[in-house]
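The following note is intended to accompany your reading of the model. Please keep the structure in view while working through the numbered points.

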Amino acid sequence: MRIAPNLLFRSSLLKMALHPAQDAGKLICKSSWNSINPTIQSPPETPPLTSPADTDILTVAPANDKTNSQADQYAKGALSLDELDPKSPFTQFHTWFTAAQQNGVHQPETVCLSTASLPSGRVSARMVYLKELDSRGFVVYSNFGTSKKAKDIENNKWASLTFWWREMERQVRVEGLVERMGSEESQVYYDTRIRGSRIGAWASKQSQVLEGREQLEGWVKDVEERFEGQEEIPIPEFWGGLRIKPETVEFWQGRESRLHDRFQYTRLEDGGWKIERLSP
Ligand SMILES: Cc1cc2nc3c(=O)[nH]c(=O)nc-3n(C[C@H](O)[C@H](O)[C@H](O)COP(=O)(O)O)c2cc1C
């Protein structure tokens, strides 16, 4: 199965807290939050922050209490087992992705890709764009020469994808093993990119330290000269598709009082899928 319309289916001493501060001595705390414009980083009567101590909390997310109830009162829908495709999380994802496209979700293909380095176990995450989905897995495109994700997956093939579709109050989590796609297969997508992006893939030593912007622009100039007058550009050997082949896929629908509906598909040895409801 290959489904393809559009994308698819083809210094700091600062400390942040994402919970209400418990200590009234903190710069911002729950009791003062509602009188503060959330865009302002410190209460009006607080002296300017020049050198905050390590323990000072500078920002607290809006309190999730009765006085700030609009922020996360999930009420858009519900999810039950009989709505899910019993056979495949891929077609289920396609259904949800299409719904996200049709319901005004901004760039539903935007997804957080997490990888981990071994033996340290150190995790890193970054946003990428999902470009394809078929019955083998979820495909993103990236640099495989110099990026952190490239280094991580050299030794650890486990990765995860996390989608958040706010307008529909839906999250999808994918965990699985990754494989690099071949250059022939990757070239098909590469050819659809505008010329500047094709040149950029060649020019960037992704995630390496630059001496300055001029250095990058110099490399771009070099690549432009190399391919001058040439419409078809071969894909760099260090660039291409990464397929995340899921072992689990979870569909999450926000519900009131945080009693969300969650269903997880788990791949079985015979190639089928088991679906289980998870506690929120
Ligand atoms: C919305 C968004 C989409 C992105 N899409 C991609 C992508 O598809 N591929 C990619 O390599 N980097 C993409 N990036 C840049 C990555 O987040 C990241 O900076 C880059 O891949 C290097 O990460 P790494 O060194 O951790 O591997 C995107 C960034 C944003 C904010």
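1. A residue is called exposed when its relative accessible area is over 50%, buried when that area is under 20%, and partly exposed in between. The model discussed here is a predicted one. With a relative accessible area of 57%, Arg-213 is therefore exposed.

2. Arg-213 takes part in a salt bridge with Glu-217, with an N to O distance of 3.2 Å. Both residues belong to helix α6 (residues 213–226), where, because they are four residues apart, about one helical turn separates them. Glu-217 is partly exposed, at 45% relative accessibility.

3. How many salt bridges does the model contain? The count comes to 16. Some of them share partners, and in this way Asp-134, Arg-136, Glu-179, Glu-185, Arg-243 and Lys-245 are joined into one network.

4. Two members of that network, Glu-185 and Arg-243, form a salt bridge in which the closest N and O atoms are 2.9 Å apart. Is Arg-243 buried or exposed? Its relative accessibility is 2%, so Arg-243 counts as buried. Glu-185, at 27%, counts as partly exposed.

5. A further salt bridge is formed by Arg-173 and Glu-175, whose closest N and O atoms are 3.7 Å apart. Arg-173 is partly exposed, with a relative accessible area of 32%. Glu-175 is also partly exposed, at 37% relative accessibility.

6. Most peptide bonds are trans, and most residues other than glycine have a negative phi. The peptide bond from Leu-118 to Pro-119, however, is cis, with omega near 5°. Pro-119 is located in the loop between β4 (110–116) and β5 (123–134).

7. Where does Gln-107 lie? Gln-107 is found in the loop between α2 (89–102) and β4. Its phi is near 45°, a positive value in a residue other than glycine. At 33% relative accessibility, Gln-107 counts as partly exposed.

8. Ser-207, a residue other than glycine, likewise has a positive phi, near 75°. Ser-207 sits in the loop between α5 (195–203) and α6. With a relative accessible area of 56%, Ser-207 is exposed.

Definitions and conventions
Residues numbered from 1 in each chain as written. Predicted model: local features only at pLDDT ≥ 70, side-chain atom pairs only at ≥ 80, totals over all residues. Heavy atoms only, no water. Salt bridge = Lys/Arg side-chain N within 4 Å of Asp/Glu carboxyl O. Buried < 20%, exposed > 50% of the residue type's maximum accessible area, 1.4 Å probe, protein only. Helix = DSSP H or I, 4+ residues; strand = E, 2+ residues; numbered from the N terminus.
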